[in-house]
Amino acid sequence: MIRINEKVKNQIAAHGQSTYPYECCGFVFGDENNDERFLHTLLEVTNSHEGDHRRRFQIDPKDYLKAEKYADENNITFLGIYHSHPDHPSVPSEHDRVQAMPFFSYLILSVRDGKAESLQSWRLNNEFQFTEEKIKLNK
């Protein structure tokens, strides 16, 4: 299960709406206890994909280094990545699966006609397929 701070959920939604019709992306941080993750912080990053941002996102390797440093400096865990799917469901594409790394949670926001619609979280299983993580909202 993944617990998400309401403020972080709203920030992801706002980021996805502000970049629509293009994909947004960023990092999520928090704490982990057994099988529960608690997301309470995010960092927006620029979609560095060369080409059409409506269907792809890419994160510059320098941004990953900055995220790892941020987590170390703030004594929190770098737990995953979020991105939006403009006018598509909040389920991972095959491209998302191939690019994914074990351990990370992948939060996907569906944005339809410029309005945030649904947010789902996914993790790779032992067969390198995505399984959905249940999201619980912390107020």
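Start by selecting Cys-25, which is buried, with 1% relative accessible area. This is a predicted model. Show the sulfur atoms of the two residues. The cysteine sulfur closest to that of Cys-25 belongs to Cys-24, 6.8 Å away, which is too far for a bond. A disulfide would need the two sulfur atoms within 2.5 Å. How many disulfides does the structure hold? The count is zero, and Cys-24 is accordingly in no disulfide.

Next, select Tyr-20 and Pro-21 and display the backbone. The peptide bond that joins Tyr-20 to Pro-21 is cis, and its omega is near 15°. Pro-21 sits in the loop that runs between α1 (6-19) and β2 (25-33). For context, most peptide bonds are trans, and most residues other than glycine have a negative phi.

Go to Asp-87, in the loop between β4 (77-86) and α3 (94-99). Asp-87 is not a glycine, yet its phi is positive, near 55°. Is Asp-87 buried, partly exposed or exposed? With 29% relative accessibility, Asp-87 counts as partly exposed.

Finish at Phe-128, which is found in the loop between β6 (115-124) and β7 (130-133). Phe-128 is another residue that is not a glycine but has a positive phi, here about 60°.

How values were computed. Residues are numbered from 1 along each chain as its sequence is written. This is a predicted model: local features need pLDDT of at least 70, side-chain atom pairs count only at pLDDT 80 or more; totals for chains, interfaces and linings use all residues. Side-chain values use heavy atoms; hydrogens and water are left out. Helices (H or I, at least four residues) and strands (E, at least two) are DSSP runs, numbered from the N terminus. Buried means under 20% relative accessible area, exposed over 50%, partly exposed in between (1.4 Å probe, protein chains only).
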